[in-house]
Amino acid sequence: MRTSKAVLIADLRSSPPKSSYEFSHRCADSLDAGDHLITLFGRHEKSNRHWGTIVTAVFQTTAGELKVFRGQAEDGKHYPSLTHTYPVAQIFERELWEQTGLQPDGHPWLKPVRFEGERQQRMTDYPFFKVRGREVHEVGVGPIHAGVIEPGHFRFMCLGEKVHHLEIQLGYQHRGVEALLLRRPPMALASIVESICGDSSVAYAWGYCAAVEALSNSPVSLETDLLRGIALEMERIAMHVATLNGLATDVAFLQGGGTYGRLRTAIINATQRVCGNRFGRGWLRPGRARELSEVLRQDLIQTLTAFARDFTEINELMLASLSVKARFQGTGIVSTKTAQELGLVGVVARASGVEIDTRVQLPGRVYERFPAELITESSGDCWARMKQRMREADASVQWLLKVLGDTALDLSGSAAPDALGKPLAPETLCLSLIEGTRGPVVQVLETSSQGQLLHYKVQDPSLPNWFGLAMALRDNDISDFPICNKSFDLSYCGNDL
Amino acid sequence: MNIGLALIHWAIVLSMPILLVGLVNRTKSWWVGRKGPRLFQSAYDLWRLLGKRPVVSTTASPLFRAGAYVVLICGLLAASMIPLLGQFAPLQFSHDFVVVAYTLGLARIILMISAMDVGSSFEGMGAAREASFATFAEPALFLLIGTASAATGMTSFADLIGHLHNTPHYAIIVAPLTIALLILLQAEAARIPVDDPMTHLELTMIHEVMILDHSGPELAAMQYAAALKMTLYAGLIAALINPFNPLADPVGGVLVSLALMLTVAVVVGCIESLSARLPMRWVPAYLLIASVAALGSMLVIGLGANGV
């Protein structure tokens, strides 16, 4: 059950699930050893005419390997909460409780994640924390916001302008994605997967393609994978620039606001010229990827070269502006320790100095051939998150120019193997990890003994990171919430599924 | 009283709020290479709002709707006493500057009360911010008037601004007083770096959040009143700098005043284009610069009078 690539295949026949007691202990041991908990989730299963829950946990060891633990428990069972000792488990145990009814005893924060299932109509019952006192006040924002912002409710408990605590209630966009993915043939899910989280279409599509290709044992060529890498890095640039645009607008830094918007358009328009969609939809499909003709290759090189010039200039302008510095430096700090304790991932974790990047730790053949640079910042404030995004977008441009400039590669469309129609391996668990703009997009597919899809688990990097935003805001000014929120730039629909 | 000048004064008071806002927006557009809205765009916006049926919160009392018009009338009343053209104001009497300050103060109180009237946590927050920042802005205005008053020995607003040009220390105090007025303009008219009139983020707003629940004609009244405040401060800056006496040389006085007011709008636009908004906790310190500048001028006058 080990691999050094970002796709893990586990044959479930060789290792039946352990008892819940043993499972908990193995998880605790792994966490004690400093392993990173990538995901923990459960699904209902009927065995011997009793409903039960199969729980799967995936860890990444300090050496970078992936390992899977599986346990089972009967319905409604109580178990000692891991969160009590290991805060990283908090969101996973909440989700597990919400989706399967397993009760984590002693969980300090057992609140619904997205109000799915029978809780769907009871969103007004959210158990908010209360602050009491004559001079405290609460400010509720949302779920409907000004502008084009996804729905989410934020409740600030304040003393004057200072925020003591922020509660974030999500779930307004729950669409039943995981159930929907089981209703169609496993090879025909690309269009659904691409729209789980519209600004990470490519990351999701790649993870899905890699998983079904691994499950049906139909590997694609290196060129196809490289084309996917190109799509992913284009997406990363576009979305980081979109966030930078938001950051500039939120502090009323006019030049940034004007320029980043224009630059993002250049990138997403180039994406459209390749695949017909500005958000990269249709670029990736199981078994193939939209190829780059020589004309398109030159087009991308030109677009990126022109982009890089202006991007550097506006970044320098923004970093040199004293008023921008005044707003971002020291605002919304997440220390390295907090980031590790909460299990934050992706760009947010790296901005707090956590060295975590799937592209570096589990490179796969794309990033083995063309390595990605591990970029981190140390201060963990809004400034660090802004700089992190600038540097990552910059690194992606350099990476793309290297790949596109490699004349030894033929990206113009070699015949790809046809994965469609091949059966999925039975009783197999497949996990794929793709480092999208926000962080690792986790998708876990499990097949039945007949080779049918039994479970499709989707996990957006925003899921663990939302709690980081709540922590970042403590003892900050309420007027600084928008820039904290934008510097995290988390996905609402990715959380809500 | 000079009827012609009074008419010109009122024409400026009524039209400049539209033009100044347009010019600020055009300046900002120019900096980022955009075409920008028409110069008189805000007139169209106000006209559109006037045609709309207001939607009023069920928790609001009649004061909420009346508040907008009180704010507008207070603004216009103050405008009749503020010398936009130099040594002239249509309404002029001894110690009228006290009336000006408190008419604007009344507008502020009514604005805050009508904001809190709808019972929204946002608007209460905005009112609290307005109240605390006003505490830092008002001393600056009084110190400024006090300086001019001490320098000239005059008692009406128009006279003390107009005669300031002939006092011995004018050359020293004109710059700090202009800076003080510019900061006051930014604070009172809700401009960057104090406030951001373009933002959609309720949690960061000061002025805009107080009028979130206003709609239709009441919103038009509030927006016009805010632009009027900018006009008043831009006019005061113009009067402070304008070397022509409108009573002696009406053409030169009016034209230079107009040009100076438009320049102020361009300067405001340039500041907004080149700097981001300040952190909210820095705003009091920024407003104190205005008080310090005015206080410094007052010291110059005081020391100068004692022959130091």
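Guide: Domain bounds here come from an automatic or database domain assignment. In this predicted model, chain A is divided into domain 1 (12-113) and domain 2 (196-464).

Visitor: How many Å separate the centres of domain 1 and domain 2 of chain A?

Guide: The centres, taken over C-alpha atoms, are 29 Å apart.

Visitor: How many residues of domain 1 of chain A are in contact with domain 2 of chain A?

Guide: A contact means that two C-beta atoms lie within 7 Å. By that test, 15 residues of domain 1 of chain A meet 16 residues of domain 2 of chain A. On the domain 1 side, strand S3 (36-47), strand S4 (50-60) and strand S5 (66-74) of chain A each supply at least two residues. S3(A) gives the most, with 5 residues.

Visitor: What classes of residue make up that side of domain 1 of chain A?

Guide: That side has 10 nonpolar, 3 polar and 2 charged residues.

Visitor: Now the whole chain. How many helices and strands does chain A have?

Guide: Chain A has 17 helices and 15 strands. Its radius of gyration is 22 Å, close to the 23 Å that the globule rule gives for 497 residues, so chain A is as compact as a globular protein of that length. Along the principal axes, the C-alpha trace of chain A spans about 70 × 65 × 40 Å.

Visitor: What share of chain A is buried?

Guide: A residue is buried if 20 or more other C-beta atoms lie within 10 Å of its own. In chain A, 53% of the 497 residues are buried.

Visitor: Which strand pairs with S15(A), and in what sense?

Guide: Strand S14 (residues 440-447) of chain A pairs with S15(A) in the antiparallel sense, over 6 bridges. Look for A:Gln443, which stands opposite A:Val458 in S15(A). The two strands form a hairpin with 5 residues between them. In the turn, A:Gly451 has a positive phi of about 80°.

Visitor: How many residues of chain A are in contact with chain B?

Guide: Here 25 residues of chain A touch 28 residues of chain B. Strand S8 (136-141), helix H7 (254-275), helix H9 (322-328) and helix H16 (481-488) of chain A each give two or more residues to the chain A side. S8(A) gives the most, with 5 residues. By class, the chain A side has 12 nonpolar, 8 polar and 5 charged residues.

Note on methods
Residues are numbered from 1 along each chain as its sequence is written. Chains are lettered from A and ligands numbered from 1 in the order in which they are written. This is a predicted model: local features need pLDDT of at least 70, side-chain atom pairs count only at pLDDT 80 or more; totals for chains, interfaces and linings use all residues. Helices (H or I, at least four residues) and strands (E, at least two) are DSSP runs, numbered from the N terminus. Ala, Val, Leu, Ile, Met, Phe, Trp, Tyr, Cys and Pro count as nonpolar, Asp, Glu, Lys and Arg as charged, and the others, Gly among them, as polar. Two strands pair if DSSP finds at least two bridges between them. The radius of gyration is taken over C-alpha atoms; the globule rule is 2.2 Å times the number of residues to the power 0.38. A residue is buried if 20 or more other C-beta atoms lie within 10 Å of its own, exposed if 12 or fewer, and partly exposed in between; C-beta atoms are placed from the backbone.
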